[in-house]
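Me: I'd like to go through this model with you, a few questions at a time. Could you have a look at it with me?

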Amino acid sequence: MLLSLALILIIGFSLSGIFHKIHIPGLLAMIITGIVLGPQVLNLISQDILAISGDLREIAFIVILLRAGLSLDLKDLKMVGRPAILMSFVSATLEIGAITALGHFLFHIPLLESAIMGTVVAAVSPAVIIPRMNKLMESGHGSERRVPHLVMASASIDGVYVIVLFTAFMEMYGKGQFDARQLLDVPISIILGLLIGAAVGFLMVKVFEKLHFRDTIKVLIILSVAFLLFTLEDWLEPYVPVSGLLAVLALGMMTLRTQPPMAKRLLGKFSKLWVGTEILLFVLVGASVDIRSITNVGLVSVLIIAAAMAVRFSGVLLSLLGTPLSAKERLYCAISFLPKATVQAAVGAIPLAAGVASGNTILSIAVLAIMITAPIGAVAMDAACNPLLIRQGTEV
């Protein structure tokens with residue numbers, strides 16, 4: 001196991017650094033590292049690590065949710081308001097619908113499995129988007145109409161919305177049938193998850209105010225509580241639907257709302273923690289990929305991903321109709337919603353592990369979506385920044 005971890009870290013970080021030098025997201029290097037070191041090629045990753053890869057992905061997923069919660073300020077969300085909500089829900093729903101229809105038609109898989117594929121592929125990537133939005137806020141690009149805030153807020157909501165739908169569809173699959181009535185559980189699980197997470201977050205902040213811990217200890221405590229909240233969904237499933245992932249998100253949001261200085265310090269700690277969890281997440285996703293499956297679904301998958309990008313692009317533009325944003329700013333928002341990576345890596349292998357018949361196909365498309373859209377989206381955002389966004393204090 002130690003040799004495997006050494007190879008993952010050394011090769012993953014080295015290759016990632018090379019990719020960054022040529023302005024390609026380093027997460028692609030991590031996926032390639034996983035494919036090369038994985039059982040399909042060199043078989044140098046220990047079976048002990050592969051056996052707990054699902055648990056490691058869940059830990060990475062929880063870190064993602066906590067970082068999103070600690071950075072998602074409700075004040076910013078209120079300021080960007082309706083456009084952020086529409087950008088996240090409308091564009092994501094249209095993309096899921098398009099992938100579901102195309103997957104069912106082109107791959108001849110059942111509608112429910114195709115819907116699962118739609119939710120796996122649809123979410124945009126905070127890992128690619130948020131760092132670039134932070135740079136825009138620092139440089140003043142698009143700040144007059146809060147374009148970076150709009151994109152950050154809507155991207156966070158988008159990911160949560162898609163993951164909630166993914167969870168609902170997976171539950172339906174587990175019960176053996178598509179039951180539209182189960183969709184009624186979604187709003188209940190969302191509300192209860194947010195309420196429970198917010199309550200726990202409020203209590204935790206009060207404890208931290210009374211008992212002084214080092215920030216590192218606070219991070220470990222928050223992680224432990226987040227693990228409990230994440231498993232709360234399974235504990236309460238026989239009685240009431242609760243979204244554990246939204247509870248974790250609300251925990252972070254409540255911390256930011258009640259203690260902003262502490263939340264910002266903790267966000268810095270979680271950002272450092274993400275450096276290690278990120279490489280494990282993307283390398284293990286690469287190791288899970290069946291190369292033969294990618295070959296089999298290749299061209300058709302590319303067509304589905306291209307169609308999904310076009311629908312997502314159009315959905316964002318549709319959501320921004322009637323807003324004070326200029327045509328160039330709307331175009332930049334649409335470009336910002338192209339890259340996919342984090343959510344696909346976190347949930348892409350879950351259908352396969354759960355025994356979904358088309359699990360290999362879903363995982364293959366998820367990996368292809370990352371490898372196609374992440375570099376295209378990242379390069380496009382960087383290139384379009386100056387021509388499309390006004391920098392504060394400059395003339396058009």
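Me: Which residues touch the most other members of the largest nonpolar core?
Reply: First, a caveat: this is a predicted model, so local features need pLDDT of at least 70 and side-chain atom pairs count only at pLDDT 80 or more, while totals for chains, interfaces and linings use all residues. Residues are numbered from 1 along each chain as its sequence is written, and side-chain values use heavy atoms, with hydrogens and water left out. A nonpolar core here is a set of buried Ala, Val, Leu, Ile, Met, Phe, Trp, Tyr and Cys residues joined through side-chain atoms within 4.5 Å, where buried means under 20% relative accessible area, exposed over 50% and partly exposed in between (1.4 Å probe, protein chains only). The largest such core has 127 residues, and those touching the most other members are L66, F282, Y332 and C333.

Me: Which helix gives the most to this core?
Reply: Helices are DSSP runs (H or I, at least four residues), numbered from the N terminus. With 16 residues in the core, the top contributor is helix 8 (residues 147-174).

Me: How do helix 8 and helix 11 run, roughly parallel or roughly antiparallel?
Reply: Axes are lines fitted to C-alpha atoms over the stretch in contact, with angles from 0 to 180 degrees between N-to-C directions. The axes of helix 8 and helix 11 (residues 244-258) come within 10 Å and cross at roughly 155°. Angles under 35 degrees count as roughly parallel, over 145 as roughly antiparallel, 65 to 115 as roughly perpendicular and the rest as oblique. So this pair is roughly antiparallel.

Me: Which residues of helix 11 make the contact with helix 8?
Reply: Contact means heavy atoms within 4.5 Å. On the helix 8 side you'll find V160, I163, V164 and T167, and facing them from helix 11 are L245, L246 and L249.

Me: Is S4 buried or exposed?
Reply: S4 sits in helix 1 (residues 2-21), and touches L44, I45, S46 and I49, leaving aside residues up to four places away in sequence. Its relative accessibility is 5%, so S4 is buried.

Me: What is the phi of N43?
Reply: N43 lies in the loop between helix 2 (26-37) and helix 3 (47-51). At 45% relative accessibility, N43 is partly exposed. N43 isn't a glycine, yet its phi is positive, at about 55°.

Technical notes. Helix = DSSP H or I, 4+ residues; strand = E, 2+ residues; numbered from the N terminus.
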